[in-house]
Amino acid sequence: MLSALMTGLTSACAVFAIAILVLILTYIAVRGFSAINLEFLIDTPKPVGEGGGIGNAILGSVLMTVLATGIGLPIGIGGGVYLAEMGSNWFGSIVRFLADTLIGVPSIIVGIFIYTLIVLPMGRQSGLAGALSLAIIMIPIVARTTEEMIKLVPKSMREGALALGAPEWRVTWNIVMPAAASGIATGAMLAIARISGETAPLLFTALNSRFYNYFYDQPMASLTVQIYNYATGPFDVEHQMAWAATLILVGLILAINVAVRYLARRRY
Amino acid sequence: MISAASIIFIVVGMIVMMVSNSMPTISRFGLAFLTGSEWKPADGVFGALPFIYGTIVSSLIALIISVPISLGIAIFLTEQAPKKIAAPISFMVELLAAIPSVVYGLWGIFVLAPFIRDHLGVFLETYLGWIPVVGQLFQGRLTGIGMLTGGIILALMTTPIITSVVRDILEVVPNTQREAALALGATKWETTMIVLGNAASGIAGAVVLGLGRALGETMAVTMVIGNSPQISASLFEPAYTIASVLAANFAEATDELYLSALIEMGLVLFLVTFVVNAFAKLLIMSVASGKAGAKNV
Amino acid sequence: MKTTLLLTLLTLASIIGASCSGQPFGNNNANTAAGGTISILGSGASFPEPVYEKWMNEYGKLNPNVRIDYQATGSGAGQKAIKENTSDFGASDDPMKDEDLKGTQVIHIPTVLGAVVLTYNLPEVKERLKLSPEAIAGIYLGNIKKWNDPKIRADNAEVNLPDTEISPVYRADSSGTTAVFTDFLSNANSEWKNKIGANKQPSWITGVGAGAKGNDGVMGQVKNIPNSIGYVEIAFAKANDLPTALIKNKSGKFVEASIENVSAAAAGSVKDMPEDLRTRITNAEGENAYPISSYTYILVNKEQPDDVKGKALVDFLWWAVHDGEKFTSDLHYAPLPDEVVKKVEEKLKTITSNGTALRQ
């Protein structure tokens, strides 16, 4: 009797969480779709009431995410490989501990750090500063997943190769890395999804822009900052655009998550 | 090695930057900075208490709501639901974690806040508002923007995190424990309680981890909590958190002392999340030696 | 150890690769290089953002090679940006204070005029409220607690005021709107001047009213709470069809925040405008002057580091205060009086690069 009741309760919790997810996604879809058209996707922001779009924000988000990935991924993977292969000493423990700490650091603090480190000396907000903030968020996540994935590679594979006389670095490079590659790729994709939804670290670093911007030395628009500005603006038109931009952003992020899930199915 | 060292460089760099930039207020106010309840930048009076209060209370509201729900979902997924249902459900719960903060904020402003103003808040005021002492929490101006809304948004955001860590922990509890309990004549629920008991410290770790996340959450909270540095008994009233004052005022702070006060609060937040996360890690590791917990942390 | 070496090299290579794609950065002159376009960045006050956006859009059509970007980060942030040189120009509703100007060469260019209005939520009152500075100060000081207080009733004899408590709403964040509002009350009411004074983020009386963030936050609260009152910029009230009170001006007349009345406030105070153009025009002289009016400013450095960019900026400002002013009234701003445009012309002519004036 009690068991049945509790099962009822726990499943109600699960239903509740799913209901919230569905509620949020439906809202975004319904409110967002009505404002999306080609002009909205490729145009730049215009004065209130004259239409305009988020093309530059989409480009800015993509550019900053790409650069952040270009910086964060190699460092993160490198750090992860080091932790897995050679990190069982005191230095490794410190790095591991600090990486975990860094994952927990509120992203707004990363933004302030980059503001002091990059924006003030450079004399302006820039796409570069935004991308660096995102890279800092990405590095520890990628490092820790990489480490976990490499540790999952069966010892026997490694030992077999070593027994055949292969040098250690070749074992890591030719045997362990390929085996862990799909896992690392999964982690990387999720980290990319995570940084593409970040807002707080971009507020003071990348700022925002009204134009298409192809250079990292200028302030850059991003979907997330644009959504924040539109959501807190006074006009209904802006709110509408916020929902539409959200639809694009959430659509991309969910697509990455679902794709990763599909590709990594056998791991679950 | 260099990649690994870069992580050390980043963390140390952050600490150095924050400590050196907050020296003006540290040397001027000392500990009084943390206990002062007046925040009047215009007069050079900086007391961080309203922000500390707002941060803690909003996170507590979040946990009060999200912990039972997350436990329920995790128990359902590991102990009760057949694998076929459990997998898609746990994926959907993880999707909740993938939704960006700013999107929660947008949804909070336009959907949740009006709902709380027109329905939930009225309900709470009617049915709980009359209780002595506790009732004070649910009285006051209902605008939809305030501490309660901030707490509920945080609850939605922490639920998937706590759920997935608890789920991983329950999964590493050996099946022999369950079988033994069932063999001894325990009901299914009693068995679950035994499993929960054995995983208790890991679950506590998951909760603390959720707390760490809630304390530092920025955008969604900024958008719905009302951003007013006051300490009010009513949960309907606007409040402020450390992370949201940084987001709202960092770009505005012109004089050195004001900026220093903001950065010192950033430092406080950094240290608190640091301690909370380290504590969570210890608790989780005590149950699941490494793998299960760390995967989602 | 070899592994590490290899990976390190790979990592370094990708960092270098990545930062190359990030070029050019660092040096401000690089901004003029990209494809012959000139990029100018401004940030600050949110109040004039709609009209600035309009200007930049229109100016961009006439001068496709000049890209002027403006981000509404707040008046305080605009002052900070010009001081720390993170923007080419700043914007602020509130003129910079003497101590903030020390050691800088920032000059103030007034661009348009705006008004702060009082909006209220009294569903059963159909007539327009009339408010004196004493009544407004009393409400925000906590001396006037109810709508049917004699001080309010005296000016609204024909209105059936309810016997309900007033909920005042103020801006919790640092804002130019608050600066204008509190400056008006300081000029018009001595008790206010002594107790609170004029400030972007003053110390409100504890227990009186509640704060909200941004114009939209105040507006939202006023909309949601019956018997409340709040102050917002006029564009917000107009865009949302909120009721606004008539305010008693210095000559004792209750006036509306119309474009003509805001212009009248500016015209009434032109003669007192100081040489550096930093001025407040609240509670101005003039029969029809709307008393809570204000200039909003663009902040620029007198000596521009880059002559091409500096010239483009000066040309844009020149265009804005001449041709640009025709776009103001649709957006509920008042254009500058002609005398002020003359003064701005003089100011713009003093902007130099390497000692040479950028506009004769």
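Predicted model: local features only at pLDDT ≥ 70, side-chain atom pairs only at ≥ 80, totals over all residues.
Trainee: In what order do the eight strands of the open sheet in chain C run?
Mentor: The sheet is open, and its pairing is mixed. Strands can pair either parallel or antiparallel, through backbone hydrogen bonds. In chain C the order is 2-1-3-11-4-8-6-7.

Trainee: Which strands of chain C stand at the edges of the sheet?
Mentor: An edge strand here has a single partner strand, so one of its sides is left without a neighbour in the sheet. In chain C that holds for strand 2 (66-72) and strand 7 (210-212).

Trainee: By how many degrees are neighbouring strands of this sheet turned against each other on average?
Mentor: The sheet has eight strands. Direction is ignored in this average. The value is 25 degrees.

Trainee: What angle does the direction of helix 3 of chain C make with that of strand 3 of chain C?
Mentor: Helix 3 (residues 75-83) of chain C packs on the sheet. It touches strand 1 (38-44), strand 3, strand 4 (106-120) and strand 11 of chain C. Its direction and that of strand 3 make about 155 degrees.

Trainee: How many of the 15 residues of strand 4 of chain C are buried?
Mentor: Buried means 20 or more other C-beta atoms within 10 Å. Strand 4 of chain C is largely enclosed by the rest of the structure, because its count of buried residues is 14.

Trainee: Over how many bridges does strand 4 of chain C pair with strand 8 of chain C?
Mentor: Strand 4 of chain C is joined to strand 11 of chain C by nine bridges, antiparallel. There, Ile109(C) has Ile298(C) as its bridge partner. With strand 8 (residues 228-233), the bridge partner of Val116(C) is Glu233(C). Strands 4 and 8 of chain C pair in the antiparallel sense, and the number of bridges is five.

Trainee: How far apart are the C-alpha centres of domain 1 and domain 2 of chain C?
Mentor: Domain 1 of chain C spans 39-112 + 296-357, and domain 2 spans 115-272. In their contact, 16 residues of domain 1 meet 17 residues of domain 2. Helix 3 and helix 13 (338-349) of chain C each supply at least two residues of the domain 1 side. The C-alpha centres lie apart by 29 Å.

Trainee: Which element of chain C gives the largest share of the side that touches chain B?
Mentor: The contact involves 25 residues of chain C and 20 residues of chain B. Helix 1 (2-21), helix 3, strand 7 and helix 9 (214-224) of chain C each supply at least two residues of the chain C side. By class, that side has six nonpolar, 15 polar and four charged residues. The largest share, four residues, comes from helix 3 of chain C.

Trainee: Which helix of chain B gives the most to the side that touches chain A?
Mentor: The contact takes 63 residues from chain B and 66 residues from chain A. On the chain B side, 44 are nonpolar, 16 polar and three charged. The most, 11 residues, come from helix 1 (residues 2-21) of chain B.

Trainee: Is Val133(B) buried or exposed?
Mentor: Val133(B) lies in the loop between helix 6 (101-128) and helix 7 (147-172) of chain B. Its phi is near 60 degrees, a positive value in a residue other than glycine. Val133(B) has 7, so it is exposed.

Trainee: What is the phi of Leu277(C) near?
Mentor: Leu277(C) is found in the loop between helix 11 (259-269) and strand 11 of chain C. It is partly exposed, with 18 other C-beta atoms within 10 Å. Most residues other than glycine have a negative phi. Leu277(C) has a positive value, near 65 degrees.

Technical notes: Residues numbered from 1 in each chain as written. Chains lettered and ligands numbered in written order. Contact = placed C-beta atoms within 7 Å. Nonpolar A, V, L, I, M, F, W, Y, C, P; charged D, E, K, R; others polar. Pairing = 2+ DSSP bridges. Axes fitted to C-alpha atoms, helices over the stretch in contact; angles between N-to-C directions. Domains from an automatic or database assignment. Buried ≥ 20, exposed ≤ 12 C-beta atoms within 10 Å, placed from the backbone.
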